[in-house]
Amino acid sequence: MEQAMKTGLESWFQPLPDKQCPFCGHMLRQLTHTVASGETYLLGIYETCTCAAAQSEQAAAMAAKAEAERKRVEDTRASTVHALMAASGIRGRYASRTLQTYAVPPGDERALKVALNYVLKFEEQREKGMGLYLYGTCGVGKTHLAYGVAHALIEQLHSVICRSATDILLELRGQMDGTANGTEYETMLRYLTCDLLVIDDLGKQQVTDWSMAQLSTIFDGRCQDMLPVIVTTNYSDAELIERLALRSDKKTAASIVSRLHEMTYDVPMSGQDYRSR
Ligand SMILES: [Zn+2]
């Protein structure tokens, strides 16, 4: 005689003992399943009684299950946001610089609108590899706006890194010298692959051939992979080229700046007309 395979499903197909509804005493039917060929199999579960008490117990059980699932999804989401925040480099006083806490300076309503739209349409912009180029004089909230966009996108579960150009170069330099944690390669890889890279205060960093090469690698790599950057700077194009080309390599400096403009929307801040400066 052929022994049935032990699969744990044996109780399915077997008659279950009689069972009454604990609320109304109604005898519960064992559920069945009819296959395409017409055969009917007993299932290892009972029907749910149609009495109000049994129905409401079932509804409560389903609601509890849905709530547990919702909480599980929310917890996963919260821990993902937490991890993305930790990896973003947003900390200290920047942690509160969101789009909600951004106080719009007079004349910069458009900049905020562009930032909000950018967040709303980030998927589309990311496909195009387009970022933002925020420029204007000191203290007009460029950094706040850039970090605000970063915050909002992290909430949407995108990987974002926010750093000043100076800090990026210091980190890479430290890793080359062995004075900072991690390797230059790993750091560069993060800058080259995150969904959005925010480079704050471009033009303020110390310029050497080496730092130019690093920035060039970052911008070229992201441009080729169509990954967006948000740049903030105090300088006009001409000034930025001057500052990047301290060692007189104006051609490389100009190509960095023109590449940046190709991959960003111009966002003048503090009502400044950048082009006319
Ligand atoms: Zn019942």
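Where do Lys71 and Asp75 both lie, and how many residues apart are they? Both are in helix 1, four residues apart, or about one turn of the helix. The model is predicted. Its salt bridges number 13, and its largest nonpolar core has 33 residues. A second core is separate and holds 29 residues.

- Lys71 pairs with Asp75 in a salt bridge, with the closest N and O atoms 3.0 Å apart.
- Lys71 counts as partly exposed because its relative accessibility is 43%, between the 20% and 50% limits.
- Asp75, at 40% relative accessibility, is also partly exposed.
- Arg70 and Glu74 are separated by about one helical turn because they stand four residues apart in helix 1.
- Arg70 has 42% relative accessibility and is partly exposed; Glu74, at 42%, is partly exposed as well.

- Arg29 forms a salt bridge with Glu47, and their closest N and O atoms are 3.9 Å apart.
- This pair links distant parts of the chain, its residues being 18 apart.
- Arg29 belongs to the segment before strand 1 (30–34), whereas Glu47 is in the loop between strand 2 (40–46) and helix 1 (52–88).
- With a relative accessibility of 48%, Arg29 is partly exposed.

**Nonpolar cores**

- In the core of 33 residues, the members that touch the most others are Leu197, Ile199, Leu202, Phe219, Val231, Leu244 and Leu260.
- Three strands are among the elements that each supply at least two residues of this core: strand 3 (131–135), strand 5 (196–200) and strand 6 (229–233).
- Helices that each supply at least two residues include helix 5 (165–177), helix 6 (184–193), helix 7 (209–224), helix 8 (237–244) and helix 9 (250–262).
- Helix 7 gives the largest share of this core, six residues.
- Beyond its neighbours within four places in sequence, Val231 contacts Leu132, Tyr133, Leu134, Ile199, Leu202, Phe219 and Leu260.
- Members of the second core include Leu99, Leu112, Leu153 and Val267.

Definitions and conventions. Residues numbered from 1 in each chain as written. Predicted model: local features only at pLDDT ≥ 70, side-chain atom pairs only at ≥ 80, totals over all residues. Heavy atoms only, no water. Core = buried A, V, L, I, M, F, W, Y, C linked by side-chain atoms within 4.5 Å. Buried < 20%, exposed > 50% of the residue type's maximum accessible area, 1.4 Å probe, protein only. Contact = heavy atoms within 4.5 Å. Salt bridge = Lys/Arg side-chain N within 4 Å of Asp/Glu carboxyl O.
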